[in-house]
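Here are a few friendly notes to read alongside the model. Please keep the 3D view open as you go through them.

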Amino acid sequence: MTHPRPKILAIDDTPENLLTLGAVLAADFDLQIATSGAMGLKLAMESPPDLILVDVMMPGMDGFETCRRLKAESALKNTPVVFVTVMSETESEMQGLALGGADYITKPINVEIARQRIRNLLEREALRTKIEAQRDMLEVLLAERQQVEDELRISAVAFASQNGMMITDASGVILRVNPAFTRLTGYSAEDAVGQTPAMLKSGRQAPLFYQRMWEAVREKGYWQGEIWNRRKSGLIYAEMLTITGIFAGDGNISHYVASFTDITEDKEAEAEIHRLAYYDPLTRLPNRRLLHDRLGQAVAAAGRSRLYGVIFLIDLDNFKALNDTRGHDVGDLLLVEVASRLSAVVRDGDTVARQGGDEFVVLMEGLAADIEDAAALAKQRGEKLQDATKRPFLLGDYEYHCKFSIGVGLFQGHDSVEDLFKHADLALYQAKNAGRNGMRFFDPAMQAALDLRSALEAELRDAIQSQQLRLYYQPQVDAARRVVGAEALVRWQHPQRGLVLPNDFIPLAEDTGLILPIGYWVLETACRQLHAWADDQRTRDLQVAVNVSARQFHQPEFVQQVLDVLQQTGAKPHLLKLELTESLLISDVDDVISKMGALKEMGVGFSLDDYGTGYSSLAYLSRLPLDQLKIDRSFVMGIETSETAVAICAATISLAHNLKLQVVAEGVETEAQWHILSTQYQCDFVQGFLFSRPLPLDAFEAFLLRN
């Protein structure tokens with residue numbers, strides 16, 4: 001009589017994996033395949049299999065959700081489910097086991113181990129079915145002979161098995177053990193009887209693991225899985241454990257029967273196979289194979305989140321020379337130390353891998369949605385990687401200074417893994433050609449932009465030291481067209497680029513902190529000019545407005561800086577007006593008011609620049625010790641054609657006058673604008689191209705003479 005072959009259902013969204021499973025299992029089992037969790041659930045309901053293999057990582061319904069739905073079906077709740085996964089982690093295993101999973105098989109699949117473990121599961125399932133049948137029989141006999149009930153129920157389990165066996169009462173106290181128990185654990189029957197299975201605990205499983213295990217036993221009367229225990233000698237070993245509850249006639253569990261086998265060699269073999277397949281044996285970092293797998297997942301995640309990721313391809317400079325002169329042992333020491341330092345400076349969740357030879361790769365995800373922001377972050381983190389190797393390496397008794405070149409590739413879900421490595425490799429080649437010990441981005445345009453920014457930053461630092469900055473003055477006139485003051489505006493007289501306007505370098509200065517020395521220079525230069533004008537009757541009453549950045553103003557020593565400059569230059573405080581932007585009011589308004597008040601007491605005036613474009617409110621205006629509001633040029637430009645612009649300007653002037661503040665309108669370019677602002681709405685002062693562009697000092701003084 002021939003027995004039907006066991007039927008196995010394999011659920012995996014990757015056809016290559018299904019082909020591999022087919023090659024492994026086709027000789028011994030009838031194999032059904034499904035390429036999604038939903039399809040697998042449908043096939044299992046139509047024709048329940050003897051065992052189900054399910055991949056953990058699947059789109060849509062993953063392996064855990066598939067298992068949960070399978071177990072929710074009464075026809076499938078006892079069907080063993082085996083998870084197939086790339087990596088085995090304790091938390092992942094616990095999640096799968098808690099859902100009713102019977103076992104894990106890790107990729108790459110070891111053919112013999114996979115086949116044998118599937119056979120074992122099917123045999124155990126057959127044994128469980130047999131035990132349930134025998135248990136039903138014992139319950140029938142319970143009514144006939146209570147005296148022999150315990151012996152019949154206990155004898156229903158093959159106590160003489162080669163597997164380790166122990167029987168406990170309902171409280172978990174060990175009543176009996178078999179010889180195989182002693183052989184596997186080292187504990188004799190005398191040692192074990194009267195104790196609880198806790199005597200075998202290894203400490204590797206968390207309390208939650210045992211809690212869920214016993215919950216499963218009490219609810220289902222059965223649990224099976226892998227567990228780490230400790231022998232009497234102290235050695236820790238892995239076992240495949242099956243716990244079956246024996247139910248009394250009243251429906252309560254009266255005994256537990258535990259059966260286990262030593263699977264330590266299987267676990268060690270699996271771990272070694274995994275290490276060899278996915279990790280570099282020298283540095284213990286992920287190897288090329290695991291890196292490519294993680295990068296593929298990162299590219300897919302970037303496509304969903306729209307956040308850029310980055311890979312840094314790192315090559316040690318002159319590594320061959322070290323190997324040739326000091327030997328490969330010293331070279332290996334350097335590789336291990338570089339791996340350690342790179343791993344120490346990356347974020348949790350980033351990947352540091354060894355490609356092979358002296359080449360490393362760092363993978364980072366979730367940088368930014370904007371490519372320029374992502375490039376700037378990548379540059380910062382690449383520099384951090386470079387900084388990690390600036391300290392010398394002590395290789396035995398030899399001190400070595402290591403430098404490396406970096407090729408950088410950004411991705412957002414569009415490129416293949418192969419293309420990304422080509423891009424990073426090309427960038428690395430460019431870095432080496434540029435003289436080594438450098439970093440290059442793949443995108444030529446992006447690299448050029450970063451190079452330009454870096455060059456501009458270096459040139460701006462030099463400009464501050466080399467006195468390339470210039471102060472220009474734009475006149476401010478009153479309703480009678482008399483010049484009453486000027487706004488001081490910084491320019492950069494570059495030796496090659498010519499005159500550089502603020503929009504081209506002030507944002508860079510803000511980002512790099514160079515705005516602080518630039519702002520101080522502007523303040524000091526303007527105050528010296530005020531002092532110089534004090535001796536001339538035509539200029540001694542001119543006020544000069546100086547722009548102050550939020551970063552500059554929020555320095556703890558800002559007030560003292562202003563007072564020191566006034567004292568050192570001899571400028572009169574009431575002729576200095578500090579223009580603040582509305583962005584200052586975003587945080588710590590009390591600090592702003594305190595600093596303004598301290599300078600106000602000394603006579604310094606304040607103007608709120610670009611009013612209406614930022615964050616100011618009536619509450620702030622009523623609290624700030626201001627002297628002026630400046631109407632932004634964007635409103636002035638539309639005043640001839642836009643009723644809205646007229647309304648905003650008129651309302652601003654009226655509001656300011658009601659608050660006893662003067663108003664300056666900037667960006668006035670036509671007589672019509674001048675007429676509307678000055679004649680119709682009594683704006684106090686204006687400035688703009690109608691009267692003059694910002695002028696260097698000599699031209700400004702000549703302008704004063706003409707007017």
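1. Two strands pair if DSSP finds at least two bridges between them; strands (E, at least two residues) and helices (H or I, at least four) are DSSP runs, numbered from the N terminus. By that rule, β19 and strand β20 (residues 498-500) pair in the antiparallel sense over three bridges. Trp-492 stands opposite Val-500 in β20, and three residues lie between the two strands of this hairpin.

2. A word on the source: this is a predicted model, where local features need pLDDT of at least 70, side-chain atom pairs count only at pLDDT 80 or more, and totals for chains, interfaces and linings use all residues. Residues are numbered from 1 along each chain as its sequence is written, and side-chain values use heavy atoms, leaving out hydrogens and water.

3. What else pairs with β19? Strand β18 (residues 469-477) does, antiparallel, over nine bridges, with Val-477 bridged to Val-483. Five residues separate β18 and β19 in their hairpin, and Arg-481 in the turn has a positive phi of about 65°.

4. Strand β21 (residues 543-548) runs parallel to β19, joined by four bridges; Gly-485 has Gln-543 as its bridge partner. Ten of the twelve residues of β19 (residues 483-494) are buried, meaning under 20% relative accessible area with a 1.4 Å probe, protein chains only.

Conventions. Buried means under 20% relative accessible area, exposed over 50%, partly exposed in between (1.4 Å probe, protein chains only).
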